[in-house]
Amino acid sequence: MNNVVYKSPAYQVRSVPIEKIVPNTYNPNAVAPPEMRLLYDSIKEDGYTMPIVCYYSKAQDVYVIVDGFHRYRIMMDHKDIYQRENGMLPVTVIDKPLSNRMASTIRHNRARGSHDVDLMSNIVKELHTIGRSDAWISKHMGMSRDEILRLKQITGLTELFRDVKFGQAWKPVEEIKTQKEKEKEEKLPEDMEDVNNKEEE
C-alpha cells in the first residue's frame, strides 16, 4: 500500500531573488494596461498573496516562470515594490518537462479566462513540433479538437494538417466547382446518347 502523502507546491513556497527568475518564451496571457495598474495597486496594498509558479533549471541555476509573469513584471517595473520586498519573490516549483509546463501555463491562464489566440496557436505549433498529438494537447490543455484545428489554421503551416482528414467543407469553393463541372462533363456524353436514341425512334 502506498503511504506517500502528496503535498501541493503551494505548501513549499520559497523566497527567490528576482534576478534568478526568468520569463518563459511561450506565455499566451496578455494583460491590458488598466489591469496591470490594478495588479500593481493590489500588490502595493496587499503584498504578494500568490506565489510565482516556476520550473527550476539546474543547468542554468534559474527559475523559469510557468505562471505569474505579470506579478514578476510588477516588481521589475516598480522600484517601490522591489525595495519593499528586498528584491525577493515568493515562488513555488513544479518539476515537469517542457510540454507539460506549457500545458500548465495554458491551464492557469484559461482558468482565469485570459489568453492570447496568436500565442496559443504558437504553443500548439511548438507542441506539435516536439511530437505531442492532438489527443495529448486536448487532454492536457482542456481544448476541443475543433479548437486545436482552428489554432493550427492560424499558424498557416500545412505540415500541422498531415493527420487531419478533411471533408468537402474544407475544400476551396473553386475546387468544388471544378469537381462538379468535371462530373457534369463525364455524364454529358451519356445524356446526349439518350437524346440521340430518342430522336432516332
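At 23% relative accessibility, F69 counts as partly exposed (buried is under 20% relative accessible area, exposed over 50%, partly exposed in between; 1.4 Å probe, protein chains only). The model is predicted: local features need pLDDT of at least 70, side-chain atom pairs count only at pLDDT 80 or more, and totals for chains, interfaces and linings use all residues. Residues are numbered from 1 along each chain as its sequence is written, and side-chain values use heavy atoms, without hydrogens and water.

**Exercise 1.** Determine how F69 pairs with Y72, and where the two sit.

*Solution.* 
- Step 1: F69 and Y72 form a tilted aromatic pair, 6.0 Å centre to centre with 40° between the planes. Rings of Phe, Tyr and Trp (its six-membered ring) pair if their centres lie within 6.5 Å; planes under 30 degrees apart are stacked, over 60 edge-to-face, the rest tilted.
- Step 2: Both lie in helix 2, three residues apart, so about one helical turn separates them. Helices (H or I, at least four residues) and strands (E, at least two) are DSSP runs, numbered from the N terminus.
- Step 3: Y72 is buried, at 6%.

**Exercise 2.** Find which strands pair with strand 4, and in which sense.

*Solution.* 
- Step 1: Strand 2 (residues 21–22) pairs with strand 4 in the parallel sense, over two bridges. Pairing requires at least two DSSP bridges between the strands.
- Step 2: I21 has Y63 as its bridge partner.
- Step 3: Strand 3 (residues 52–57) runs antiparallel to strand 4, joined by five bridges. Here C54 is bridged to I65.
- Step 4: Four residues lie between strands 3 and 4 in their hairpin, where D61 takes a positive phi near 55°.
- Step 5: Six of the six residues of strand 4 (residues 62–67) are buried, so the strand is largely enclosed by the rest of the structure.
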